[in-house]
Amino acid sequence: MKKLLFGVAAAMVLAVTPASADEGMWTMYDLDSLVYKQMVAEGFEMSLDDLYKGETSLREACINFSGYCSGVVVSPDGLVFTNHHCGFSAINAHSTVEHDYMLNGFYAKSFEEELPNENMFVSFMKEQQDVTDRVEALMKDKEYGELSAVVDSLTKVMSDSVKLTDPTLHVEILPFYEGNKFYATTYQDFRDIRLVFTVPKSMGKYGGETDNWMWPRQTCDFSVFRIYADQKTNGPADYSKDNVPYKPKRWAQVSLQGYKDGDFAMTVGYPGSTSRYLSSYGIQQMRKQNADRVEVRDKKLDILRRYMAQDERTRIQYEDAFAHSSNYWKNSIGMNKCIDSIGLIRQKQEYEARIRQWLTDSNIDDERCKVDFNLLDSLYAKSNELNGVMNYWVESFWNNSELINRGLKLCRGMEMLGPEDKPKKQYNQFEDNSDKWNLQLDRELTTAMLKNYCENVPEEYLPDICEVVKKKFHGDYGKYVEWVYKKSKLLKKDARFYPMKKSYVKDPGVALCIELWANYLGMGMGAWPLADSIAVQEKKLCEAKIRMEENMPHYSDANFTMRLSYGQVGGFMLNGSPSGYYTTAESIVEKMKKADENEEYFAEPIMHELLSAKDFGKYQDKTTGKMQLCFLTNNDITGGNSGSPMFDGKGRLIGLAFDGNWDSLASDILFDSHLARCIGVDIRYVLYLMDKWGHADRLLQEINAQ
């Protein structure tokens with residue numbers, strides 16, 4: 001229930017205007033009739049049964065990909081399409097200097113060659129229901145801070161119940177509409193997922209950070225996996241060589257028919273988190289968090305970039321971490337620019353004034369929507385500094401250097417080894433993963449993050465170690481960290497740590513992390529009660545907005561549950577001129593010629609040749625006569641939608657969503673239908689490279705695109 005406990009930090013956004021017909025991330029089980037009618041009016045031809053309600057509905061083809069992306073099943077043998085950047089970690093994990101699948105691509109020519117992936121899974125949503133009444137009944141006479149425990153308890157009860165029918169199912173309960181409603185979603189997880197096909201990174205991540213969040217795009221951002229199942233039940237099973245390809249109830253029909261400007265387009269996936277109900281006070285806090293994220297990651301990325309350029313082994317070790325960190329670094333830059341350029345905070349304040357006036361004029365006697373704006377202002381004023389420092393702590397120490405990662409795992413409680421009846425002999429031990437990190441880089445990263453934290457956080461929030469470095473090491477963080485790495489066992493192979501022995505805290509690495517963790521928890525003791533109080537007022541603010549606009553359909557903020565968004569294929573005005581709604585093979589060839597000026601535009605000679613073809617056969621568009629690479633829709637998406645299938649009005653797969661344009665970066669807090677665009681890779685581009693580069697005949701026959 002971390003999403004509930006820390007929910008206000010990601011919190012709840014107040015929409016400036018009512019949702020337009022094409023704005024929104026809609027839940028399908030209770031899809032508003034007005035929304036469905038509008039979809040049909042714009043070209044949607046499917047029934048609700050075929051979309052969601054039936055056992056073989058299109059919903060069954062759309063998946064949660066490993067808890068951070070989306071994907072789509074495209075064959076009767078469980079073949080899955082998602083983005084290249086969603087498969088990035090798996091591709092990277094299988095890569096070595098000798099067999100660099102990230103650099104050179106990969107194609108399994110048989111089922112036997114398909115590569116298993118540790119800790120990867122896909123989830124199918126089986127059912128969703130409103131359990132608000134049950135949560136509210138359990139919360140009667142309880143404080144808001146008890147909500148997390150109540151929801152966890154109900155989740156266990158409901159999961160235990162569905163497992164009596166099918167032991168492969170489980171239930172997740174999440175808040176919707178900022179906690180005014182709670183929905184329970186039943187999932188079935190498959191845990192044997194194997195890598196089948198990927199293009200070289202030069203194409204899967206074409207344009208790199210230069211083109212990220214930009215238009216025009218030419219990236220062929222896709223990878224292919226397969227779901228494996230128990231050979232007797234066709235159900236979920238842990239990895240086994242005896243598992244067989246999964247036989248899905250429904251798979252998406254891959255289309256060669258393309259699209260035109262103005263055509264209906266629908267995206268179904270798992271958007272991660274939006275905050276469109278968030279108050280103006282919350283947006284100001286978010287803006288500060290973004291600025292701090294950029295400042296800290298500037299330093300981190302500079303270190304990673306420098307070491308990765310030195311040798312191939314280090315590049316492979318840190319390529320995944322660099323990609324994840326740099327993506328949200330650029331996202332934070334863009335979001336703050338959008339917040340400032342459109343005056344979003346002022347717009348929110350003006351809208352909140354309307355709600356204040358409505359509450360006064362309507363004289364509603366309902367505590368659920370009686371938001372206290374003065375209290376909300378006061379609570380944020382008290383929480384801003386603490387929240388900012390805790391965010392700075394997370395950026396500095398969470399999932400950065402291996403030494404601090406290990407130390408924090410010890411602090412947070414690891415599985416104990418050794419005799420259970422002899423506590424003093426119980427110990428913690430780390431698996432050897434020395435092939436995953438570079439010692440010199442790790443030491444420099446720890447030094448940079450600790451120094452930056454101690455120099456930029458207000459003195460009253462600093463851990464004692466900052467003063468120790470000043471006095472005992474004369475302010476030289478490099479010398480202090482070098483001493484820690486020399487004396488600590490945290491990175492030593494097969495080292496054992498005995499928490500019940502005095503020697504445990506004498507290890508300087510362990511001692512450092514105990515102090516850092518205590519520093520974070522100490523700040524949390526002040527911040528979390530404020531977050532709970534803020535969440536109560538933000539919840540009321542959301543309810544007031546919905547009541548004020550009760551004749552309008554409203555969607556809940558994204559929370560990584562299945563959502564539908566719809567709209568049209570089409571461009572926007574870019575720097576005063578029409579952007580166009582698709583890119584062509586000619587445009588990527590022109591960029592490839594600029595690789596000497598920008599290495600992120602490099603592609604292998606074979607890609608130059610393939611994309612300079614005179615005739616692209618069945619993969620070129622029948623109307624334009626062009627090989628279309630990427631295209632735009634005004635579908636409403638956010639992080640987590642990566643890999644989401646993009647369908648036409650008949651429910652046929654025409655692309656995979658992989659990015660938004662620069663003007664969409666404020667979409668987490670405000671959707672601008674005039675400027676925000678979803679960028680998708682054309683499925684015909686995907687198939688073309690599978691065919692002409694990969695010669696993946698067996699996969700193309702299996703997919704049977706039409």
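Cysteine 69 is buried, with a relative accessible area of 5%; buried here means under 20% relative accessible area, exposed over 50%, and partly exposed in between, with a 1.4 Å probe and protein chains only. The model is a predicted one, in which local features need pLDDT of at least 70 and side-chain atom pairs count only at pLDDT 80 or more, while totals for chains, interfaces and linings use all residues. Residues are numbered from 1 along each chain as its sequence is written, and side-chain values use heavy atoms, with hydrogens and water left out.

Cysteine 69 is joined to cysteine 86 by a disulfide, with an S to S distance of 2.1 Å; the term denotes a pair of cysteine sulfur atoms within 2.5 Å. Because the torsion about this S-S bond of cysteine 69 and cysteine 86 is about -80 degrees, the disulfide is left-handed. Cysteine 86 also counts as buried, at 1% relative accessibility.

A search of the whole structure finds two disulfides. The other joins cysteine 454 to cysteine 466, with an S to S distance of 2.0 Å. It links distant parts of the chain, 12 residues apart: cysteine 454 is in helix 16 (residues 439-456) and cysteine 466 in helix 17 (residues 464-472). Helices (H or I, at least four residues) and strands (E, at least two) are DSSP runs, numbered from the N terminus. Both cysteine 454 and cysteine 466 are buried, and their link is left-handed, with -70 degrees about the S-S bond.

The aromatic rings come next. The structure holds 36 aromatic pairs, where rings of Phe, Tyr and Trp (its six-membered ring) pair if their centres lie within 6.5 Å, and planes under 30 degrees apart count as stacked, over 60 as edge-to-face and the rest as tilted. Among them, phenylalanine 65 and tyrosine 68 are edge-to-face, at 6.4 Å centre to centre with 85 degrees between the planes. Phenylalanine 65 is buried at 0% relative accessibility, whereas tyrosine 68 is partly exposed at 35%.

Phenylalanine 124 and tyrosine 246 form a tilted pair, 5.7 Å centre to centre and with 55 degrees between the planes. Phenylalanine 124 lies in strand 6 (residues 122-130) and tyrosine 246 in the loop between strand 11 (244-245) and strand 12 (264-269), so the pair ties together parts that are 122 residues apart in sequence. Phenylalanine 124 counts as buried at 1% relative accessibility, and tyrosine 246 counts as buried at 4%.
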